[in-house]
Amino acid sequence: MADKMALAKAINESLRRALESDPKVLIMGEDVGKLGGVFRVTDGLQKDFGESRVIDTPLAESGIVGTAIGLALRGYRPVVEIQFDGFVFPAYDQIVTQLAKMHARSLGKVKLPVVVRIPYGGGIGAVEHHSESPEALFAHVAGLKIVSPSNASDAYWMMQQAIQSDDPVIFFEPKRRYWDKGEVNAEAIPGPLHKAQVVREGTDLTLAAYGPMVKLCQEVADAAAEEGKNLEVLDLRSVSPLDFDSIQASVEKTRRLVVVHEAPVFFGSGAEIAARITERCFYHLEAPVLRVGGYHAPYPPARLEEEYLPNLDRVLDAVDRSLAY
């Protein structure tokens, strides 16, 4: 039976299930225990599983990830929380030079099953360092899996799969969608972690997005339908690896592609998608692949963030420009 719950609650239930199923699963991070996290994603877990499994850490991101690496070397499966996206950079060295490299460095003998949870993206009116979208910085590093759910069901199942993975996973949680509710069937059989999903069928153009922008793309498709345009919405779900086969299949049908993400367009994940799909679908495309995202500028103060973030009008403008070719 499916239950309706918020995306944040779905992650909480997924973490609870993992803690119940495997005594080697640990949760670590700033304020994840008694407070239950600043977004209450880990609410109640320390009370039910104890301070030795749900661990409040000092404010030291590098130490949090470094400790998780050591625990993983001893057979544990740590799930660490970086409280906000902009706080991850003190831990970047540990993630890219140790966590991502150990498997290759040991010629495959060492596995580091660590999940790094990062609430990311804007739209919540936060101050500096609380609304970043740094996924491309991690996707450029071999040895890391990068995923981002857009809905409660995916949040639940993708977290289960991330914890079960023997490879390190950077789990980007779209914080502006934490309170969006959806159906979660805890008895379902999930699809592959890195498989994209068509969430709306269409024939005229493909909108590809992940995390917080999937809902926006669905709203764009609704608005376009009122003008007689039939848009397909593809939820990428995974940034590394990218499911290029599913993107290609959609583009070969619609012959047009617009990629949407909150992160800056400049050197963003959309650039890699555009390049690969242009190579793969050159004789199918009827328009260049277009991208909509943040600007190549520091994330602005809260009062200006709606001007910075992709919105309905900006994505619809890209749709119109593509269809005009």
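Tutor: Let us begin with the contact between two parts of the chain, keeping in mind that this is a predicted model. In the protein chain, 27 residues of domain 1 are in contact with 23 residues of domain 2.

Student: Where do domain 1 and domain 2 lie along the protein chain?

Tutor: Domain 1 covers residues 2–185, and domain 2 covers residues 197–324. If you take the C-alpha centres of domain 1 and domain 2, you will find them 26 Å apart.

Student: How is the size of an interface often given?

Tutor: In general, one quotes the accessible area that is lost when the parts come together. In this model the area buried between domain 1 and domain 2 comes to about 1,800 Å², and carbon and sulfur atoms give 47% of that area.

Student: How many salt bridges and how many residue pairs in polar contact are counted between domain 1 and domain 2?

Tutor: The count is three salt bridges between domain 1 and domain 2, while 13 residue pairs are in polar contact there, with both residues at pLDDT 80 or more. On the side of domain 1 that touches domain 2, the elements giving two or more residues are helix H6 (135–139), strand S6 (145–147) and helix H7 (152–164). The residues of that side divide into 11 nonpolar, nine polar and seven charged.

Student: Which residue meets Lys215 in a salt bridge?

Tutor: The partner is Asp180, whose side chain meets that of Lys215 with an N to O distance of 3.4 Å. This pair links distant parts of the chain, since Lys215 sits in helix H8 (residues 213–225) and Asp180 in the loop between strand S7 (169–174) and strand S8 (181–185), 35 residues apart. Lys215 is partly exposed at a relative accessible area of 34%, and Asp180 is also partly exposed, at 25%. Another salt bridge to look up is that of Glu262 and Arg176, whose side chains meet at 3.2 Å, N to O.

Student: How many salt bridges does a search of the whole structure find?

Tutor: The search finds 22 salt bridges. One of them joins the side chains of Glu81 and Arg117, at 2.8 Å from N to O. Here too the pair links distant parts of the chain, with Glu81 in strand S4 (residues 77–81) and Arg117 in strand S5 (residues 115–120), 36 residues apart.

Student: Are Glu81 and Arg117 buried or exposed?

Tutor: The cut-off to apply is that buried means under 20% relative accessible area. Glu81 has 3% relative accessibility, so this residue counts as buried, and Arg117 is buried because its relative accessible area is 1%. For a contrasting setting, turn to Lys47, which is exposed with a relative accessible area of 74%, and to Asp48, which is partly exposed with 42%. Lys47 forms a salt bridge with Asp48, in which the closest N and O atoms are 3.8 Å apart, and a network of salt bridges links Arg16, Lys47 and Asp48.

Student: Which residues does Gln161 touch, not counting residues up to four places away in sequence?

Tutor: Gln161 touches Pro190, Gly191, Pro192 and Leu193. The place of Gln161 is in helix H7, and a polar atom of its side chain lies 2.7 Å from the backbone oxygen of Gly191. With 16% relative accessibility, Gln161 falls under the cut-off and therefore counts as buried.

Definitions and conventions
Residues numbered from 1 in each chain as written. Predicted model: local features only at pLDDT ≥ 70, side-chain atom pairs only at ≥ 80, totals over all residues. Heavy atoms only, no water. Domains from an automatic or database assignment. Contact = heavy atoms within 4.5 Å. Buried area = accessible area lost by both parts, 1.4 Å probe. Salt bridge = Lys/Arg side-chain N within 4 Å of Asp/Glu carboxyl O. Polar contact = N/O pair within 3.5 Å; in protein donor to acceptor, adjacent residues only side chain to side chain. Helix = DSSP H or I, 4+ residues; strand = E, 2+ residues; numbered from the N terminus. Nonpolar A, V, L, I, M, F, W, Y, C, P; charged D, E, K, R; others polar. Buried < 20%, exposed > 50% of the residue type's maximum accessible area, 1.4 Å probe, protein only.
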